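Student: I am new to this structure and would be grateful for a guided reading of it. May we proceed by question and answer?

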Amino acid sequence: MGLFAVLAAACGGGDGSTGSSGTTPPPDTPVTVLDPTCGVEATVPKTPTYAEDVAPILMKNCATCHTNGGIAPFPLLDYEQTKPLAGLLAERTTAREMPPFNPNNCGHCNTFQDARWLTSEEIATISAWAEAGAPAGDLTKAPAKPEPPAGLADANLTIDMGVAYTPDGSKVDDYRCFIVDPGITADKFLTAYEVVPGDPRVVHHVIAFALDTAAAEAEAESLDAAEAGPGYTCFGGPGVGASRFVVGWAPGGGPTRFPAGTGLRLEGGRKMVVQVHYNLAGGAFPDQTRIAAVVQDSVEKEATISRIAAQGINLPPQQPMTTVTNDEPVPAGAGAVTLWGVAPHMHGTGKTLHVEAEHEGQKQCLLDVGNWDFHWQSFSMYETPPKVQGGDTIRITCGYDTTGRDTVTQQGEGTEDEMCIAFFYVTR
Ligand code: HEC
């Protein structure tokens with residue numbers, strides 16, 4: 001059986017027997033399951049069935065990716081597909097590896113809008129169902145597969161790669177940067193976007209950077225010219241100087257809308273770099289991804305992306321957990337700053353990332369990542385945006401597992417290098 005902890009709750013009788021011995025619990029015995037990430041137990045009152053209990057959870061939380069032709073390795077759209085995977089589903093959901101979401105959303109360190117996050121009760125339901133032998137129930141009651149999220153109806157700008165690119169099928173992951181001209185002549189403000197993957201089977205994540213100087217554009221052009229085919233190889237960032245992260249997207253999300261009245265400046269006449277992470281586990285297919293965007297001439301409050309980062313990373317090899325940390329003051333004259341959203345960033349050895357603010361000795365948790373997965377970086381908007389003040393200290397701490405490395409891991413943008421950054425979407 002799987003790694004998940006299923007504790008049979010004695011229903012009044014208190015015989016203390018556990019359900020992990022492989023015996024099927026009798027129908028409708030309440031089952032209590034621990035959610036180890038949040039440290040809470042949830043009780044499932046009766047044996048769950050696929051049709052009435054499990055399918056609604058999967059349709060809402062999994063089917064956007066686990067669909068035919070989606071990025072996930074198998075569909076989870078009906079009972080026949082799902083039943084043989086019941087144990088694996090219970091394991092991955094209990095470990096909170098699926099659905100993929102980096103920020104901890106248990107509630108002890110903020111909660112996020114549209115978090116891909118199961119409740120402890122939902123995890124318990126999947127586990128209790130798997131433990132009971134994955135009963136079908138009345139399949140006529142199972143929910144239909146969900147409609148894909150509605151697109152951005154008000155998009156007025158398309159940021160398009162311009163040509164199709166066929167990723168390098170000799171790699172499992174191809175990280176490619178494309179220089180794109182959004183075609184705006186005067187400054188505009190980006191207020192919403194939606195990434196439309198050309199081929200959802202291969203597009204794993206998309207990040208777009210605004211280039212703010214002619215020098216940054218020239219650097220990108222020379223990187224592009226040095227490689228055959230559209231775009232150039234890049235990992236982490238676009239590999240140029242003055243660039244700003246403006247769009248972060250991973251599959252399974254609908255459009256992103258920035259908080260009302262706010263937006264990020266796109267400078268007139270400047271180009272952008274769109275980085276696409278192609279995952280080729282299922283084959284290499286040509287792709288032309290575009291970003292549908294809403295831009296406005298002005299916004300009430302211009303937002304910026306601020307970052308807190310640890311520098312000079314130099315990690316010893318063969319360490320199950322080695323950390324870096326950095327403190328930075330919020331500039332004294334900043335006044336009150338609202339943090340609307342956050343995007344953590346590390347590379348492949350990253351495991352944990354924690355950001356907190358300290359105000360007159362009082363600590364405030366801003367972000368807690370307990371099980372980092374490089375594949376799932378994107379912006380997450382707070383349900384209740386925290387505020388910091390000029391003079392506060394912000395501290396970032398990143399933890400890495402270097403047991404797979406034989407040499408020192410250094411700071412840098414390469415696949416074998418590391419980073420420790422949290423990007424915040426902020427306004428005054
Ligand atoms: C945002 C897209 C996305 C969502 C939402 C999502 N998955 Fe996945 N899932 C993936 C991808 C991509 C993989 C393969 C790569 C990986 O394991 O990260 C995967 C892999 C898996 C695996 C296989 C892991 C293995 O070891 O082979 C299981 C099981 C799984 N998902 C279950 C679920 C369940 C259950 C849900 C919903 C509760 C869910 N996933 C939601 C994208 C998603």
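Tutor: Let us begin with a term: domain bounds come from an automatic or database domain assignment. Please also keep in mind that this is a predicted model.

Student: Which domains does the assignment give for the chain?

Tutor: The chain is divided by residue number. The assignment gives domain 1 (6-141), domain 2 (157-299) and domain 3 (302-427).

Student: Between which domains does the second largest pocket lie?

Tutor: The lining of this pocket comprises 24 residues, and those nearest its centre are Thr64, Thr67, Pro148, Pro149 and Gly252. By class, the lining has 13 nonpolar, eight polar and three charged residues. Because both domains give residues to the lining, the second largest pocket lies between domain 1 (6-141) and domain 2 (157-299).

Student: How much area do domain 1 and domain 3 bury between them?

Tutor: The centres of domain 1 and domain 3, taken over C-alpha atoms, are 31 Å apart. Their contact takes 14 residues from domain 1 and 19 residues from domain 3. Of the area buried between these domains, 52% is on carbon and sulfur atoms, and the total is about 1400 Å².

Student: How many residue pairs are in polar contact between domain 1 and domain 3?

Tutor: Across this interface the rule finds zero salt bridges. Counting pairs with both residues at pLDDT 80 or more, the number in polar contact between domain 1 and domain 3 is nine.

Notes: Residues numbered from 1 in each chain as written. Predicted model: local features only at pLDDT ≥ 70, side-chain atom pairs only at ≥ 80, totals over all residues. Heavy atoms only, no water. Contact = heavy atoms within 4.5 Å. Buried area = accessible area lost by both parts, 1.4 Å probe. Salt bridge = Lys/Arg side-chain N within 4 Å of Asp/Glu carboxyl O. Polar contact = N/O pair within 3.5 Å; in protein donor to acceptor, adjacent residues only side chain to side chain. 1 Å grid on protein atoms, 1.4 Å probe; cavity = no way out; pocket = protein on both sides within 12 Å on 5 of 7 lines; lining within 4 Å. Nonpolar A, V, L, I, M, F, W, Y, C, P; charged D, E, K, R; others polar.
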